[in-house]
Amino acid sequence: MNFEALFTAKLNGLHEEHRYRVFTELERRAGSFPRAKRYAGENVSDVTVWCSNDYLGMGQHPKVIEAMHGALDLCGAGAGGTRNISGTNHNHVILERELADLHAKEAALLFTSGYVSNWATLGTLGANIPNCVILSDEGNHASMIEGIRHSRAEKRIFKHNDPADLDRILSEYGPERSKIVAFESVYSMDGDIAPIGEILAVAEKHRAMTYLDEVHAVGLYGPRGGGIAEREGLMDRITVIEGTLGKAFGIAGGYIAASTNFVDFIRSFASGFIFTTALPPVVTAGAIASIRHLKVSQFERARHQERVRKLRSRLEAKGIPTLPSPSHIVPVMVCDAAKCKWISDILLDRYGIYIQPINYPTVPRKTERLRITPSPLHTDADIDHLVHALSELWSQCALTRAVA
């Protein structure tokens, strides 16, 4: 086979469908988020970032930066190995205690990313629990899908956020089957929120384990940032909560929180944990500082929600169509791959606004969008500039405006 020709043909197909991904080269500047430097060949320009998952700007917070400097001076750069050989640092233990406390669970376990925590945990559960069937929401993230597939357990997909369909499928299995219901709280592309209480009621009726991905909710919701389940008083009814340190907490890494035995089981059997070099102490120190701050501070969450409301109101006034959602994610619906890419490019080149286009396969075809994530650090002037630019480009593209 001519492998180079195959690669070329595949890549050409992405270009033709206007879904070839271009990585914009940025340099975040400490203390100036959401501003960044953009590098394009020999040209360097200032841009405003509107699509970061550092939802609260905690990656720039002085307490976080100070903690990371201290850990770097104290511990050096790397972890030294995998956790089971030479890589368990005191900060790992402290961070896992903080995470267990955040979710009111007995224990927690760190992974190198949220993707790995989903893949390793679901894969390990499905592969080791006898006679297991995993019920997966059709909107679940790729990391959950891959973990379930890797487990080789039976998989059933229930309609998105539909407890009745979940109940229908679970009713097909008797009490002899081991059942896991895997779903998310906030879905990152549409911004919708799962009916967690209703899903838990169905799972409890059928004696199923529940696995909740809170990666787009931790830090942002609940009185201490424990996520949607904390906000709704449901954490005690969930078997395992999975989260990330790389979004609202502003650092990197993933984790699970559950019972002591559950966590020890995953620690002992998950290859994605056992054979991976541990997170550096400098990273865990930053996460500890971020989590501790957000457990007690309401300012970031309140300001964040206010910025989201203001942006949505301004877009609505201009007739820029967005998907209605109760979360912090603002999807601006272009519904055309070529125009979505064109608008993204012009926003960056002409207006100094960075928003990546979201195309297939991340979202279905004809639902292409600009996924906007306001932060507490975006100003009124930033919002005005963004809305003005989108309104101009909407007219240039002859796109339909929403009717108020």
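1. A cavity here is a set of points, on a 1 Å grid over the protein atoms alone, where a 1.4 Å probe fits but cannot get out; lining residues have an atom within 4 Å of a point. Grid points are joined across faces, edges and corners, and a volume is the space filled by probe spheres set on the points. The structure holds 1 cavity of 30 Å³ or more.

2. This is a predicted model, in which local features need pLDDT of at least 70 and side-chain atom pairs count only at pLDDT 80 or more, while totals for chains, interfaces and linings use all residues. Residues are numbered from 1 along each chain as its sequence is written, and side-chain values use heavy atoms, without hydrogens or water.

3. Leu315 belongs to helix H13 (residues 299–317). Leu315 is buried, with a relative accessible area of 0% (buried: under 20%, 1.4 Å probe, protein chains only). Leaving aside residues up to four places away in sequence, Leu315 touches Ile320, Thr322, Val330, Val332, Val387 and Leu390 (contact: heavy atoms within 4.5 Å).

4. An open sheet of 4 strands has the order S1-S2-S3-S12, with mixed pairing (strands pair if DSSP finds at least two bridges between them). Strand S1 (25–28) and strand S12 (353–354) are at the edges, each with a single partner strand, so one side of each lacks a neighbour in the sheet. Strand S3 (residues 43–49) pairs with S12 in the parallel sense over 2 bridges.

Notes. On a 1 Å grid over the protein atoms alone, a cavity is a set of points where a 1.4 Å probe fits but cannot get out, and a pocket is an open set with protein on both sides within 12 Å along at least five of seven lines; lining residues have an atom within 4 Å of a point. Buried means under 20% relative accessible area, exposed over 50%, partly exposed in between (1.4 Å probe, protein chains only).
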